[in-house]
Amino acid sequence: MSDRTQAPVGIDALLEEVRAGLDRVDAGEAHDAARAGEALLVDIRYTALRDRDGLIPGALVVERNELEWRLDPQGSHHVPEATSHDLRVVVICNEGYASSLAAVSLRQVGLRRATDLVGGFQAWKAAGLPVTAPSP
């Protein structure tokens with residue numbers, strides 16, 4: 001069967017499939033790994049959400065549409081933090097959905113340890129972990 005005639009997978013099934021291949025972390029695990037220097041937290045939320053809810057101190061903010069270019073250590077536009085394909089990256093979105101797809105995309109460009117935060121920023125905040133004040 002060609003790709004054109006294959007039935008659509010649907011987002012819920014796709015999320016289930018991609019998450020099966022990720023070692024997703026909860027907020028406490030992400031916080032501990034970042035504090036120990038074992039993981040880079042990457043916030044992909046859009047500006048309005050960051051302005052509304054605040055930021056995770058120390059997290060690298062990278063807009064979703066630039067993520068692969070900024071984190072691929074071989075890419076011409078990578079950030080200084082993108083030191084190796086062995087870097088453990090924890091992608092954070094607002095509620096933990098878009099981050100799963102983003103983590104898989106990072107794995108496709110060679111960041112084999114990329115994963116995401118279960119429940120996203122909202123889970124981080126609910127766990128009482130550090131957050132900077134939102135913009136006024």
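Mentor: Start with the term: two strands pair if DSSP finds at least two bridges between them. Keep in mind that we're looking at a predicted model.

Trainee: Okay, what makes β1 and β3 a pair?

Mentor: Four bridges join β1 to β3, and the cut-off is at least two, so they pair. The two strands run parallel. As an example of who faces whom, L41 stands opposite V90 in β3.

Trainee: And how do you know that β1 and β2 pair?

Mentor: Two bridges join β1 to β2. The rule asks for at least two, so that counts as a pair. These strands run parallel as well. Here V42 stands opposite L60, and D43 stands opposite V61.

Trainee: In what order do the strands of the open sheet stand?

Mentor: The order is β2-β1-β3-β4, four strands with parallel pairing.

Trainee: What makes β2 and β4 edge strands?

Mentor: Each has a single partner strand, so one side of each is left without a neighbour in the sheet.

Trainee: Which way do the residues of β1 point?

Mentor: L40 and V42 point one way, L41 and D43 the other, and all of them are buried.

Trainee: Why is D43 called buried?

Mentor: Its relative accessibility is 1%, and buried means under 20%, so D43 qualifies.

Trainee: How do you know that R45 and D43 form a salt bridge?

Mentor: Their closest N and O atoms are 2.7 Å apart. The limit is 4 Å, so the pair passes. R45 is buried too, with a relative accessible area of 2%.

Trainee: What else does R45 lie over?

Mentor: The face of F121, at 3.8 Å from the ring centre.

Trainee: How many salt bridges does the structure hold?

Mentor: Seven. One of them joins R50 and E63, with the closest N and O atoms 3.2 Å apart. R50 lies in helix α3 and E63 in the loop between β2 and α4, so the pair ties together parts that are 13 residues apart in sequence.

Trainee: Why is R50 called buried and E63 partly exposed?

Mentor: R50 has a relative accessible area of 13%, and the cut-off for buried is under 20%, so R50 goes in that class. E63 comes in at 26%.

Trainee: What about R52 and D53?

Mentor: That's a salt bridge as well, with the closest N and O atoms 2.8 Å apart, and the limit is 4 Å. R52, at 49%, is partly exposed; exposed would take over 50%. D53, at 7%, is buried.

Trainee: Which residues touch the most other members of the largest nonpolar core?

Mentor: V42, L67, L71, V89 and L106, out of 21 residues in that core. β1, α4, β3 and α5 each supply at least two of its residues, and the largest share, four residues, comes from α5. Generally speaking, nonpolar side chains tend to be buried together in soluble globular proteins.

Trainee: Which residues does V89 touch?

Mentor: Leaving out residues up to four places away in sequence, V89 touches L40, V42, L71, L106, R113, A114 and T115.

Trainee: Which residues of α5 are buried?

Mentor: S99, S100, A102, A103, V104, S105 and L106. The buried residues of α5 pack against α1, α4, β3 and β4. After α5 comes G110, whose phi is positive, near 110 degrees.

Definitions and conventions. Residues numbered from 1 in each chain as written. Predicted model: local features only at pLDDT ≥ 70, side-chain atom pairs only at ≥ 80, totals over all residues. Heavy atoms only, no water. Lys NZ or Arg CZ within 6 Å of the ring centre and 35° of its normal. Salt bridge = Lys/Arg side-chain N within 4 Å of Asp/Glu carboxyl O. Buried < 20%, exposed > 50% of the residue type's maximum accessible area, 1.4 Å probe, protein only. Core = buried A, V, L, I, M, F, W, Y, C linked by side-chain atoms within 4.5 Å. Contact = heavy atoms within 4.5 Å.
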